[in-house]
Amino acid sequence: MTRILMDPKLKVVTQLPLRGLWTDSGPVEAVRVRALSTVEVRELLRNGPVQFVVVEVGVKPRWIELEDCYRFWMDEVKLHLIEPGAKVIRDELPEFYGYWASEWLREEVPTPIVLLEMCH
């Protein structure tokens, strides 16, 4: 059987929850560790920068520059974060969208990844 490999630059998210991470260069070896609450994301940020990645069905993952993580948290994520296990009612979400956050870890890379799966 011939396996067709997709150019990672053309790959988009087709379903949530996401099963694996990738960049334009290819797959990222990382494992989903846990769902994150607002308090837990704040704790990660207190320990140092985090790598935010925003995913939405039909769109490529958007990797936020590490040096922008604190601004991105304050300007975007903090207002839209959905707590784990919360019932989501679209019309009650700020600006009609929110994010479920999860922590992903890579071996030998100390910077945690916070994946933000968009709900709208």
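First, the basis of the values. This is a predicted model, in which local features need pLDDT of at least 70 and side-chain atom pairs count only at pLDDT 80 or more, while totals for chains, interfaces and linings use all residues. Residues are numbered from 1 along each chain as its sequence is written, and side-chain values use heavy atoms, with hydrogens and water left out.

Side chains of opposite charge can pair when their charged atoms come close. The term salt bridge here denotes a side-chain nitrogen of Lys or Arg within 4 Å of a carboxyl oxygen of Asp or Glu. Under that rule, the count is five salt bridges.

Let me begin with R32 and E117, whose side chains form a salt bridge at 3.4 Å, N to O. R32 belongs to strand β3 (residues 31-36) and E117 to strand β8 (residues 109-119), so this pair ties together parts that are 85 residues apart in sequence. Strands (E, at least two residues) and helices (H or I, at least four) are DSSP runs, numbered from the N terminus. E117 is buried, at 7% relative accessibility, whereas R32 is partly exposed at 32%. For these classes, buried means under 20% relative accessible area, exposed over 50%, and partly exposed in between, with a 1.4 Å probe and protein chains only.

Next, E103 and R34 form a salt bridge whose closest N and O atoms are 2.6 Å apart. Since E103 lies in strand β7 (residues 98-106) and R34 in strand β3, the pair ties together parts that are 69 residues apart in sequence. E103 is buried, with a relative accessible area of 8%, and R34 is partly exposed at 31%. A network of salt bridges links R34, E40 and E103.

Which helix holds both D75 and R71? Both lie in helix α2 (residues 69-80), four residues apart, or about one turn of the helix. D75 is exposed at 54% relative accessibility, while R71 is partly exposed at 44%.

Finally, the glutamine. Q51 lies in strand β4 (residues 51-55) and is buried, with a relative accessible area of 13%. A polar atom of the Q51 side chain lies 2.6 Å from the backbone oxygen of I64. Beyond its neighbours within four places in sequence, Q51 is in contact (heavy atoms within 4.5 Å) with residues including W63, L66, T111 and V114.

Key. Polar contact = N/O pair within 3.5 Å; in protein donor to acceptor, adjacent residues only side chain to side chain.
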